[in-house]
Amino acid sequence: AAGYGEADDFIPLLGRVSPLLSQLPRKSLRSIDYESGKLGFLLAFSDPELVRSMAKTLKAAGLKVEPGKVVSGGKETMAYFTVRPGGK
């Protein structure tokens with residue numbers, strides 16, 4: 001609707017993801033992008049198991065999570081998540 005934000009707009013999506021990301025260590029978020037109703041972000045984890053945990057947390061928050069690239073090396077595991085409204 002004109003003048004009203006939609007659930008897949010950048011700000012509403014960021015608002016749903018922000019509380020979840022704020023629970024991670026400060027340097028976890030490496031990048032964030034938005035395109036065509038999808039919010040993408042690259043996260044660094046110290047434990048590879050946390051990648052699955054984050055995906056479950058995002059789904060529990062009512063977001064559809066699309067699988068992304070996961071790369072483990074050294075002391076970090078990097079995972080790219082793409083989310084959009086809907087899910088569970």
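**Entry 1**

I started at F81 and listed its contacts (heavy atoms within 4.5 Å). Leaving out residues up to four places away in sequence, F81 touches L39, G40, F41, L43, F45, V51, M54, A55, L58 and V65.

A note on the source: the model is predicted, local features need pLDDT of at least 70, side-chain atom pairs count only at pLDDT 80 or more, and totals for chains, interfaces and linings use all residues. Residues are numbered from 1 along each chain as its sequence is written, and side-chain values use heavy atoms, with hydrogens and water left out.

For burial I used relative accessible area: buried is under 20%, exposed is over 50%, and partly exposed is in between, with a 1.4 Å probe and protein chains only. The largest core has 18 residues, and F41, L43, F45, L58, F81 and V83 touch the most other members. Two or more residues each come from helix 1 (10-21), strand 2 (38-45), helix 2 (49-60), strand 3 (63-66) and strand 5 (76-85). These elements are DSSP runs numbered from the N terminus: helices are H or I with at least four residues, strands are E with at least two. As background, nonpolar side chains in soluble globular proteins tend to be buried together.

**Entry 1: aromatic pairs**

I next went through the rings. A pair of aromatic rings is described by the distance of the centres and the angle of the planes. The rule takes rings of Phe, Tyr and Trp (its six-membered ring) with centres within 6.5 Å; planes under 30 degrees apart are stacked, over 60 edge-to-face, and the rest tilted. I got three aromatic pairs by this rule.

F10 and Y34 form an edge-to-face pair, because their ring centres are 5.6 Å apart and their planes are at 70°. This pair links distant parts of the chain, with F10 in helix 1 and Y34 in strand 1 (residues 29-35), 24 residues apart. F10 counts as partly exposed at 31% relative accessibility, and Y34 is partly exposed at 33%.

The F41 and F81 rings have centres 5.8 Å apart and planes at 25°, so I logged the pair as stacked. F41 is in strand 2 and F81 in strand 5, so the pair ties together parts 40 residues apart in sequence. Both F41 and F81 are buried. Ring pairs also link F41, F45 and F81 into a cluster.

**Entry 2: the largest pocket**

I ran the pocket search on a 1 Å grid over the protein atoms alone. A pocket is an open set of points where a 1.4 Å probe fits, with protein on both sides within 12 Å along at least five of seven lines, and lining residues have an atom within 4 Å of a point. Grid points are joined across faces, edges and corners, and the volume is the space filled by probe spheres set on the points. The largest pocket holds about 260 Å³. It is lined by 16 residues, of which L24, P25, S28, F45 and L50 are the closest to its centre.

Strand 2 and helix 2 each supply at least two lining residues, and helix 2 gives the most, with four. I sorted the lining by class: nonpolar is Ala, Val, Leu, Ile, Met, Phe, Trp, Tyr, Cys and Pro, charged is Asp, Glu, Lys and Arg, and polar is the others, Gly among them. The lining has seven nonpolar, five polar and four charged residues.

**Entry 3: the loop between helix 1 and strand 1**

P25 is in the loop between helix 1 and strand 1 and counts as exposed at 60% relative accessibility. P25 and A44 are 19 residues apart in sequence and 9.2 Å apart in space, C-alpha to C-alpha.

K27 is in this loop and is exposed, with a relative accessible area of 69%. From K27 to F45 I have 18 residues in sequence and 9.5 Å in space, C-alpha to C-alpha.

S28 is also in the loop between helix 1 and strand 1, but S28 is buried at 5% relative accessible area. Apart from neighbours within four places in sequence, S28 is in contact with L42, L43 and A44.

S36 has a positive phi of about 50° although it is not a glycine. S36 lies in the loop between strand 1 and strand 2 and is exposed at 68% relative accessible area.

D8 is in the segment before helix 1 and counts as partly exposed at 34% relative accessibility. Not counting residues up to four places away in sequence, D8 touches L13, Y34, G37 and P85. D8 and V71 are 63 residues apart in sequence and 28 Å apart in space, C-alpha to C-alpha.

Note on methods:
A nonpolar core is a set of buried Ala, Val, Leu, Ile, Met, Phe, Trp, Tyr and Cys residues joined through side-chain atoms within 4.5 Å.
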